[in-house]
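Visitor: I have a chain open here and would like to talk through a few of its local features. Could you take me around?

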Amino acid sequence: MKKFAKTSFVLSLFISILTVFFVVSAGKVSADTSKKVDVITEVKIQNDKGEALTGPVGRFDNFRLNAKFALEGKNVKAGDTTEVSIASPIDIKSQDFEINDSITGKLIANAKVDATAGKIILTFTKFVEEKNDVSGSFFFYAQVNKVKSPNDGEVPVKVSVNDKEKFTGKVTSGTIGGGYRYSIIKSGWSEAGNKELGFRISVNRTNEVINDAVVTDTLKSPGLTYKPGSFKIKKGTWEYSNGKWELKNAKDVTANYQVNINGNSFSINLGNITADDQFAIEYRTDVNYTVVDGEKILNQATIKGSNKDEYASNSTVKIQIAGGEGIGYEFSIKVTKVDEQNGPLKGAKFQVVRQATGQVIGEFESDANGEFTVKNILRDKYIIKEIQAPAGYELAADTVVEAGEFKTPKAPVAKTIVDQKTTTTTTTTTTTEEPTTTTTTEAPTTTTTTTTTEAPTTTTTTTTTEEPTTTTTTEATTEATTVSTSETTEATTVSTSETTEATTVTTEEPTTTTTTTTTTEEPTTTTTSTTTTTTTTVPTPSETTTTEDKPKLPQTGETVGTSLVLAGVLILSGTVVLKCKCSNK
C-alpha cells in the first residue's frame with residue numbers, strides 16, 4: 001500500500017510540474033507574439049474640416065491631427081500595437097474609434113483613446129495578415145488647454161510614437177469670441193459619446209433692466225428631444241477672467257421658475273429682472289439617431305421684454321468623431337433622369353431625405369440634360385424620392401444611396417433613375433345597324449326571324465238610327481308601325497311600337513239603337529334588329545464619435561502565467577500533504 005502511495009505521489013508531482021511548464025511557456029509565447037510597431041509615416045495639423053489650419057483657434061475650438069500609416073515591410077501581426085501620444089498642453093478631445101477597410105468595411109485596427117494620458121493605442125486585427133501593403137490614415141481631435149497655456153500666441157504640438165517624439169508643429173491660440181457682452185448667448189457641446197448634447201444659455205451679461213423677461217429656446221435641427229429633469233436655472237454674477245466667463249456666487253433657483261416645453265421649444269418667464277439679475281440656464285437633449293463626423297446641430301435662444309425687443313443668439317454644435325475618414329458637408333450626389341431609351345427627361349421633381357433623421361435635405365428638379373446635383377451633404381444614407389414625374393411618365397421607385405458609396409469629396413455618387421411611360425388602353429366601339437324590315441300582310445306571314453304579334457284590337461261602333469232598319473258602317477283605322485332607333489356607343493336598340501286607333505261613327509236617328517261590334521285583327525308586324533359591337537384595343541408602351549464597445553488591448557501573457565504558476569504551487573503543496581498523510585499511515 002505504501003509503495004502504491006509513493007508511486008502516485010511521484011506521478012502527481014510530475015504532472016504538476018509539466019502543467020506549470022506548459023502554462024508558463026504558453027504565456028511567454030503569447031507575450032512574444034504581441035509587439036509594438038511604428039507604422040506612422042506622417043502627422044498633419046488641420047482644421048475641423050480636414051483642411052490646412054491657417055488661423056488661430058479659440059478657447060473651446062478643436063483642431064484635427066491627421067496621421068497616415070503604412071504596414072508594408074513591418075511584419076505586423078494580429079494583436080500588435082502602435083501608441084500615438086501628444087504632449088501637454090494639448091488635450092485629446094476624441095473617444096474610441098475604429099479604422100476600417102474602405103472597400104470591404106472589415107476592421108483593420110481598434111483605436112483606444114486615453115484622454116487623461118494623452119494617448120491613442122492602435123491594436124491591429126487579423127486583417128493585416130490577410131492583405132498585402134495595408135495602408136491608410138486616421139484622425140482625431142485636439143484642443144489647447146487654456147488652463148495650462150493661458151496666454152494667447154503659438155503653442156507647440158508634439159507627437160510621439162511608441163514613446164519616441166517623431167513629429168512637431170504648432171497652433172496659434174486665441175480668445176476668439178471671448179470677453180464680449182450679450183443680452184443672451186447660447187453655447188453647446190457633445191456628451192455621452194454623441195448620444196446627448198449639453199446647452200447653456202447665458203442671460204444678461206449686459207446688466208440690463210428687463211421687464212417681463214421671457215427666454216425662449218428652439219431646437220432647429222431634427223432628431224433631438226429635451227431630456228426630462230435636466231433643466232437647471234442658476235442666478236449669480238457673470239465675470240470674465242483668464243479667457244473665459246464664469247457665473248460667480250451662483251445659486252440654484254430652478255424651483256422658482258416654470259419651464260414650459262412645447263415640442264422642440266421651451267420658454268421660461270423670468271419676470272422683471274434688474275441690472276444685477278444674471279442667469280445661466282442649462283439643460284441636455286437626447287440625440288435620437290446616429291450622428292456622423294462634421295454634422296452641425298443648430299439651436300436658437302431669444303430674450304424679450306415689455307421694454308426690450310426680441311434679441312436672438314444662434315448656436316452650432318459641431319459633431320467631431322475620430323476615425324479614418326469623414327470631412328463633412330463636402331460630399332455630393334449626381335442624379336441623371338432618363339426614359340427607357342436612355343434619353344434625358346426634364347422636369348422630374350425629387351425630394352432627397354436623410355434616412356437617419358427623416359430630414360428633407362431639399363427638393364430638386366431635373367434640367368434639360370435630365371440632371372441635378374445634391375451638394376454639401378454628409379456621408380450618410382439618403383433616399384431619393386420622385387414626387388412628380390414628367391407628363392406621360394410614371395413615378396420611379398425610391399433610390400437609396402448608402403453611406404459606403406461616398407468615397408471622396410471630389411467625386412459625387414452617380415445615380416441614374418429611369419422613368420417608364422404611363423400605360424394607357426384605347427377602346428374603340430363600332431356599331432353597325434342592320435336594315436330594319438317591317439312587313440304587314442293580311443294573309444298569314446311566315447318568317448325565320450323573331451316575330452312579335454300584338455293582341456287583337458277590338459273596335460266598337462255605336463250607331464243610333466230613327467228608321468227601323470239602319471246599316472251601320474264600322475270603320476277600323478290602323479296606324480302605321482312606328483320604328484324608333486336609339487344608338488349609343490355601347491349598343492344599338494331598335495324599338496317598334498304599334499298603335500291602333502278605333503274610329504267611332506255616330507249617326508243620330510230618333511227611334512232605334514243597334515250596336516254592332518266588329519273585331520278587326522291587326523296585321524302581323526315583324527321587326528328584325530341586329531347589333532354588332534366591335535372593340536379594338538391599341539396597346540401603348542408602358543411606362544462627435546458614436547459609442548462603441550471598448551476594444552481590449554492584447555494580453556502580454558505575464559498575468560496569466562503568474563496566476564498559473566501560483567496554481568501549480570498550490571497543486572504541489574496539496575501533493576506534499578497527501579504524501580505526508582500516506583507516509584504516516
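Visitor: Is Asn162 buried or exposed?
Guide: Asn162 is buried, because its relative accessible area is 16%, where buried means under 20%, exposed over 50% and partly exposed in between, with a 1.4 Å probe and protein chains only. This is a predicted model, in which local features need pLDDT of at least 70, side-chain atom pairs count only at pLDDT 80 or more, and totals for chains, interfaces and linings use all residues. Residues are numbered from 1 along each chain as its sequence is written, and side-chain values use heavy atoms, with hydrogens and water left out.

Visitor: And where does Asn162 sit?
Guide: Asn162 is in the loop between strand 9 (153-161) and strand 10 (164-173), strands being DSSP runs of E with at least two residues, numbered from the N terminus. Although Asn162 is not a glycine, its phi is positive, at about 50 degrees.

Visitor: Which residues does a cis peptide bond join?
Guide: Ser88 and Pro89 are joined by a cis peptide bond, with omega about 15 degrees, and Pro89 lies in the loop between strand 3 (81-86) and strand 4 (90-92).

Visitor: Switching to Asp101, what is it in contact with, leaving aside neighbours within four places in sequence?
Guide: With those neighbours set aside, Asp101 is in contact (heavy atoms within 4.5 Å) with Lys106, Ile108 and Phe127. Asp101 lies in the loop between strand 5 (97-100) and strand 6 (107-114), and Asp101 counts as buried because its relative accessible area is 17%.

How values were computed
Helices (H or I, at least four residues) and strands (E, at least two) are DSSP runs, numbered from the N terminus.
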